Structure formats: C-alpha cells, structure tokens
Amino acid sequence: MLKRLFGGATAAPPPDAAGRATGPNATPDDLYYCYRLLFNREPDPEGWQAWYGHISRFPTSVATLVTAFMTSAEFAQIYLNSDTARFTFADLNPQLIELDPIKLYVSARDNAVGQALAQGAAAYEPHVRQVLTRLLQPGDTFLDIGANIGYFSMLAAQLVGDHGRVISIEPNPENCLLIRSSLAANGFRHVEVYPYAAGSAPAMFMLEVEGSNGRLVPLEGRPAMSRLRFLVPVAPLDSLLTDLPRLDVIKIDIEGAEPMAFDGLRTTLQRHRPMIISEFSPMMLRATAAVEPQVYLKLLSDLGYQLAVIHEDGSTAPLSADYSEIERTYFADGRSHIDLIAQPE
C-alpha cells in the first residue's frame, strides 16, 4: 500500500509469487501494512496465514481489506475505546482563554483550532473576523453553519448584542460542549445551538473528526480516515428556521458540504437575502459533495448573489466568473481554500 503510493522498498514478508494478487487487488504488502498501520504491530502467524490464504485464493480489493481491518474488534479496542473517543467535558482537557472581547473554551486535544488559539495566536482567520466585524450591527441575526468550537459565534454574539440573535449549527458533540461552556463564561443568552449538520434532507451521516474539524460521509461510504467518528443527524435548515423574523449574515464552513446545506436553505435565503461568508475549497467540494467547484460558484450566482474573494488583509475583490482564472489566481500556490463573500443582488 505505502510502496504503491510513495515508492521505495518495503519490509513485508516475502510473498508466494504464485498467489500474489495483481492490479487493484490487495497484495501481501498491503496486508502487511494493514497490520503495521492499523493495528500498530507485526502480523501474528495465525492471522497472517488466514488472511494471506484468503487474498491468495480470492480477488480482494485494497478498500475491502482496509474496511475489514477497520471494522474489526481489535481496531475498535485500539481506537474507538481509547481516550480519543471520549467527549465528556473533563476529558476534553478544556482551557478558558481570553480573546478580546470574548472568552473561549478550547480543548488541548484540538489540533485544528483550539491549540493555536491557546498558544497565543492573535485570532482565528483574522481576515474573516475583519469582514464579520464590518457586517454585523447591534440587533442583527447571525447564522453560523459549522460553528466548530464557537469562535465566530462568540464574536458575533458580542457584536449583535443582547437584542441580536446568533444561531450556531454544529454536529460535533465535543464542539457543542465547548460552545455551551463558552456561552456560560461570556454570559451570552442570545445564542442558540443546534446539534445538527446542515443538509438537503433529513438523514443520518457519519461525521469523521480530526481535532475540532469534521467531514460528513455517508453511512455506506468508504472506511473512515480518522480515528474518531460520530453518528450525526442531518437536517435542512429551512425546517429549523421557519419562524425566523430576520437573517442578516451567514458564515458557512463545513468541509465541502456547502452545496447540500444551501439546497436545504433556499427558502430562508429567498426570504431574508442575507450576506454570506463561505469557505471555498475545490478539493473538499469534490470529496464531500461530489460537486465541481465551478458548480458551487454557479449555485451561489443562481441564488442571486455577487461573489468576491476575501484577501488575507480583510479587503475584498470581485470574483471572476471564469473558474480557470480563479484556479490560476488563487490556487496556483497550492493553497487548499479561499474565503468568499456573497452579496445579494
């Protein structure tokens, strides 16, 4: 498996040439590295003999082999029952930090957002913060789709004040614990937290978690790429926001599931015409929603929005309708995403 990806010699046990699988089928090298990478050990003689005999006699894809290892009792014992699978508040090793003008609980286990803030980062995504600070006014309603640990929800709650409203959509139960604790620390009573993922229709999905970030995958999808997974409900936000009297600003960052979220939010968008701040990651759009990036841009345009890119200094510039130009301009240096602002026409 690793040899196929990266080249070079392997330390796999010598295979029997007569039984070695070819093409996309699993090889003894693949089997060996399943033991090393997924079980963190050398193969035991009995297990090796059983598996080696199986892949020698029956064509077995690498994906099938990996799925078998990752759904085994041994894998569950190593990972799913380990400390990474706990999500009581104490097990998160929470730390309350001061981020003027808000307080925020972060987890020592969160290598995606929390650790950087705890180690003294001035702000998380400062260019997005600048735009949000310009847009939100006292009394506004803010919708945070993919609230993560609640950094932007807390900031928005401060900006809109007690007469405003913040709605946080976050499916990760660990993140929800941190958000609710941060709300108490700040004394905010005008923030609502919905433990759902945003989608086009009611469903159940698996949320693969890395730090505080998470990505939706179908229950019947490929094996998980992360150690920790949660079964989470998906809901169209139109059904949650039917009585919303106003909506001024949306921020959405859900690891490529944005098209599905907006498909379930069309009525609300048409009724309120909010400003939208959206992450735009071609890689994640393809991986999560199976949508080409230009299709997502067209979706926003068809909803009646003019698009601009948010630069790192917080300034904005109109976005070309030509995706090839966007790709050359913003992704030529290998960056994974940019942030967009969408203004209703």
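**View 1. Cys 176 is a buried cysteine of this predicted model.** Its relative accessible area is 7%; buried means under 20%, exposed over 50% and partly exposed in between (1.4 Å probe, protein chains only). Cys 34 is also buried, at 1% relative accessibility. The structure holds zero disulfides (pairs of cysteine sulfur atoms within 2.5 Å).

**View 2. Asp 238 is buried without a salt bridge.** A salt bridge puts a side-chain nitrogen of Lys or Arg within 4 Å of a carboxyl oxygen of Asp or Glu. Arg 271 has the nearest side chain of opposite charge, 6.1 Å away. Lys and Arg count as positive, Asp and Glu as negative; His and the chain ends are not counted. Asp 238 lies in helix α10, residues 237-240 (a DSSP run of H or I, at least four residues, numbered from the N terminus).

**View 3. The side chain of Asp 238 reaches Arg 266 and Thr 268.** With the side chain of Thr 268, Asp 238 makes a polar contact of 2.6 Å. Such a contact is a pair of N or O atoms within 3.5 Å; within protein, one must be able to donate a hydrogen and the other to accept it, and residues adjacent in sequence count only if both atoms are side-chain atoms. The backbone nitrogen of Arg 266 is reached at 3.3 Å.

**Notes.** Residues are numbered from 1 along each chain as its sequence is written, and side-chain values use heavy atoms, without hydrogens and water. Local features need pLDDT of at least 70 and side-chain atom pairs 80 or more, while totals for chains, interfaces and linings use all residues.

Key
Helices (H or I, at least four residues) and strands (E, at least two) are DSSP runs, numbered from the N terminus.
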